[in-house]
Amino acid sequence: MSDCIFCKIVEGTIPSKKVFENESVYAFHDIAPSAPVHVLIIPKAHYASMNEVTDFNDIAEVHKAAVQIANNLGVAESGYRLINNCGSDGGQVVYHVHYHLLAGEKLGGLNG
């Protein structure tokens, strides 16, 4: 999608601090981190939100990448949070499916 900031990051027209990339997934450090480790993980295919996903293999690849990234960054053992915001009431700001991997400190809220 030509006006999507995350699509432009995948294309390389907007710079990012890449953490991971394979055929279907791209991950990079968030420019306004909410935790010491804050990585955005996106499918390269553009879906505005989870409600538009048609190929759930893309989402499975994002989850596999998240585990690999957590291991690579040394936070898998201590723990991390993986979040997807869907729609404006769900807190979604950028309309390209993405997950936030947060770690590096004890995270508050959301007990479960």
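**Sheet and core: the reasons behind the labels**

User: In strand 3, which residue is the bridge partner of Ala27?

Analyst: Ile41 is the bridge partner of Ala27 in strand 3. Bear in mind that this is a predicted model, where local features need pLDDT of at least 70, side-chain atom pairs count only at pLDDT 80 or more, and totals for chains, interfaces and linings use all residues. Residues are numbered from 1 along each chain as its sequence is written, and side-chain values use heavy atoms, with hydrogens and water left out.

User: How do you know that strand 2 and strand 3 pair?

Analyst: Strands here are DSSP runs of E with at least two residues, helices are runs of H or I with at least four, and both are numbered from the N terminus. Two strands pair if DSSP finds at least two bridges between them. Strand 2 and strand 3 have five bridges, in the antiparallel sense, so they pass that test. Strand 3 and strand 5 also run antiparallel with five bridges, and Leu40 has His100 as its bridge partner there.

User: What makes strand 1 and strand 4 the edges of the sheet?

Analyst: The sheet is open, with five strands in the order 1-2-3-5-4 and antiparallel pairing. Strand 1 (18-21) and strand 4 (80-83) each have a single partner strand, so one side of each lacks a neighbour in the sheet. On average, neighbouring strands are turned by 20 degrees against each other, direction ignored.

User: How do you know that helix 2 packs on this sheet?

Analyst: Contact means heavy atoms within 4.5 Å, and helix 2 (residues 56-72) touches strand 1, strand 2, strand 3, strand 4 and strand 5. Its direction makes about 155 degrees with that of strand 3; axes are lines fitted to C-alpha atoms, for helices over the stretch in contact, and angles run from 0 to 180 degrees between N-to-C directions.

User: Why is strand 3 called largely enclosed?

Analyst: Buried means under 20% relative accessible area, exposed over 50%, and partly exposed in between (1.4 Å probe, protein chains only). Seven of the seven residues of strand 3 are buried, so the rest of the structure largely encloses it. Val37, Val39, Ile41 and Pro43 point one way, while His38, Leu40 and Ile42 point the other.

User: What makes a set of residues a nonpolar core, and which members of the largest one touch the most others?

Analyst: A nonpolar core is a set of buried Ala, Val, Leu, Ile, Met, Phe, Trp, Tyr and Cys residues joined through side-chain atoms within 4.5 Å. The largest has 19 residues, and Val39, Ile41, Ile69 and Leu101 touch the most other members. Strand 2, strand 3, helix 2 and strand 5 each supply at least two residues, with helix 2 giving the largest share, six. Another core, of eight residues, lies apart from it and includes Cys4, Phe28, Leu40 and Ile42.
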